[in-house]
Structures are given as C-alpha cells and as structure tokens.
Amino acid sequence: MTGTTMRGRAGRPSTLGVLAVVSGLALAPGWAKGQTGGLAGQGAAAVVNTVTGAQQFAVAALPDSGGMVDSEQESVAVPNTLSASGLASITTGQVDQTLVSATTTAEAANVTILDGLITAEAVLAVATSYANGVAATSESDGSTLVGLVVNGVCYGDVSPAANTQLTLPGVGHVVFNEQIPNGDGLHNAALTVNMIHVYLTDPVLGTPAGDIVVGAAKSAASL
C-alpha cells in the first residue's frame, strides 16, 4: 500500500445514504449557472468502463436551479466484473444571493468486484461544496467503506485517507477515497469523490484497459 495505511473504525455507521445528505468514470469538474451563482451535482452508484463498452448505474444529475434529484437501482451484475445491490444516488443544491451549496451521495451494498478480488458490505461517497461570495470550500465528510476486503485481507469498516492506493497484481491498482478537487477556494470550489476506483491494466501490454468505480459523487458551487 502506498500513502496512508487504512485503519478500521471502532463502530459501524448505523445507516448509509440519505442520512448523509443535509437538506464521476471520474466525474469531471464543471459549473452549472443559476441566477446568482453556479452549482453542479452528479452521482453514480457504479460505473464500469471496459473495452466492451461503458455502463453507469443509478445516476442522478442536479439541474441548474438546484433542488433534489435521486436515482435508485435494485441490483447490478456485470459478469466477472461487478455485482452490487441497493444502488442509489442523491444530489441536492440551492442557489441564492448569499450562499450556493450542493451535496451529492452515491452508495451501493453487497459489492463484489472482479470475482471477489474486492468486496464491501456497503460503500458511501459524499461530496459537498459551498460558496458565499467570500470563500468557497468542499468536503467529503461521511464517506465510508463498510466490511472492506481486498485480495483476502479484511480492512473492516474504514474511512480511508484521501487517495489511498493498493496494487492489484495482474490487474492494475485501486484507489480508495479518491478525491479530485477543483476551484480557487474564493469564489468557486468543486470536489469529486470516488470511494472505490479500480484502474485496469492489460496484463500483456501494460496499457490501460478500463476502470471500475463504485460510489462516485461530485459537487460544485460558485458565487
């Protein structure tokens, strides 16, 4: 493992999902313009990109005016690649004269990646961004992995440090709690959180062969 070692937490969260909302594919930073500021929010419970095509599951995108959008999918099964249940994304936002905010959550349960190379009882990604005309910031509070197992090693319930990476021999590598920030910190801020992001590598050529993301949440705010 490179970077920070993952450590389990003493207790498990009692629930995931809506509890983390206040009111990807790595999702690309961007702004959606409202009347007095701009916001963006997009979530995808899971994304699979391979040489055979791209698939997204339980995707929710926030309109320019804010509000709330959600998407649910009971289960997904991509042979030899990904299976999960209880997939959901929720994105909320508001735009007014003094504050712009956006929060997105993306979650999945009973996650199995690459025939069990990575498993998790639950995955929750949270991205929140605020702007008030003087300062702008983003945070990932609430993002977590429950019952994480990687290549037979149990990590339990963890909130990994941002961009924690593990090598997957013969497969590529995985980044847990991948965070991609953007913005100037004064008038705009954006954050993409990918809780599990597997980068696939061709075992013969050593070239990129796609990726798998579980729990992709993006938020952006500007004023």
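**Exercise 1. Find what share of the 223 residues of the protein chain counts as buried.**

Solution. Take buried as under 20% relative accessible area, with a 1.4 Å probe and protein chains only. By that cut-off, 48% of the 223 residues of the protein chain are buried. A word on the basis: this is a predicted model, where local features need pLDDT of at least 70, side-chain atom pairs count only at pLDDT 80 or more, and totals for chains, interfaces and linings use all residues. Numbering runs from 1 along each chain as its sequence is written, and side-chain values use heavy atoms, leaving out hydrogens and water.

**Exercise 2. Describe the largest nonpolar core and the contacts of V198.**

Solution. Start with the term: a nonpolar core is a set of buried Ala, Val, Leu, Ile, Met, Phe, Trp, Tyr and Cys residues joined through side-chain atoms within 4.5 Å. The largest one has 39 residues, and L87, V111, I113, I118, L148, I196 and V198 touch the most other members. Strand 12 (residues 188-201) gives the most to this core, six residues; strands here are DSSP runs (E, at least two residues), numbered from the N terminus. Next, list contacts (heavy atoms within 4.5 Å). Leaving aside residues up to four places away in sequence, V198 touches I113, L114, I118, L168, H173, V174, G210, D211 and I212.

**Exercise 3. Work out how strand 6 joins strand 7.**

Solution. Strands pair if DSSP finds at least two bridges between them. Strand 6 (residues 118-131) and strand 7 (residues 136-139) run antiparallel, joined by four bridges. Finally, look at the hairpin: four residues lie between the strands, and G133 takes a positive phi near 95 degrees.

Technical notes: Buried < 20%, exposed > 50% of the residue type's maximum accessible area, 1.4 Å probe, protein only.
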